[in-house]
Amino acid sequence: MLRFFDRFPLALHPLIEIVNRFLNIVCPAKCAGCMQTLNIQDVTMKKIVLLTALCAIPFVQGMAADSAAGEKKAAVCFACHGKDGHPAIKSYPTLAGDNAEYLVVALKGYRDGSRLDPIMVPMAKALSDTDMANIAAYFAQFK
Ligand code: HEC
């Protein structure tokens, strides 16, 4: 990878570094498809920019939700909603299978006061937007 980048003039290196960082996050395995896209003999500026843009799509989507971080933050929710979003007590709503966007909207509703519940309002007030996105991604993955 580095030897490949060495072929480029120094001026291009910051840009290549960005592409490399995207690749490390988006495709750490450096899959054949991504590498082939990169490994064109005469990579022009245009191709690099296009690749960066393509790589940025899953990158941005990935940034929006980190379900592993969500699992940690959701520990306080498990008592009522269950570790897998299926509540032990039937009167608590099931979160499993809910769409992540729906969960975020519900949580924001409790936080901004448009949805009222004596339990959930304080719960949601303790969460940032990132926490909500991560927690939503965590619960949404269950069926
Ligand atoms: C003490 C029990 C309890 C805890 C802890 C708790 N919840 Fe709730 N949750 C409830 C109850 C009860 C409701 C239903 C409230 C209502 O009617 O609006 C609810 C509703 C929700 C809803 C809306 C569900 C829907 O179908 O609209 C979401 C989303 C939610 N909780 C997420 C969470 C998250 C995330 C946490 C942890 C940060 C959490 N809850 C912690 C009891 C709890």
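## Exposure and I89

A residue is buried if 20 or more other C-beta atoms lie within 10 Å of its own, exposed if 12 or fewer, and partly exposed in between, with C-beta atoms placed from the backbone. I89 has 9 C-beta neighbours inside 10 Å, so I89 counts as exposed. I89 sits in the loop between α6 and α7. Helices are DSSP runs (H or I, at least four residues), numbered from the N terminus. From I89 to A79 is 10 residues in sequence and 9.2 Å in space, C-alpha to C-alpha.

## Model basis

This is a predicted model: local features need pLDDT of at least 70, side-chain atom pairs count only at pLDDT 80 or more, and totals for chains, interfaces and linings use all residues. Residue numbers start from 1 along each chain as its sequence is written.

## Nonpolar core

A nonpolar core is a set of buried Ala, Val, Leu, Ile, Met, Phe, Trp, Tyr and Cys residues joined through C-beta atoms within 7 Å. The largest one has 19 residues; L103, A136 and F139 have the most contacts inside it. α7 (100-112) and α9 (129-140) each supply at least two residues of this core. α9 gives the most, with 8 residues.

Beyond its neighbours within four places in sequence, L103 is in contact (C-beta atoms, placed from the backbone, within 7 Å) with L95, D98, A136, F139 and A140.

Methods: Contact = placed C-beta atoms within 7 Å.
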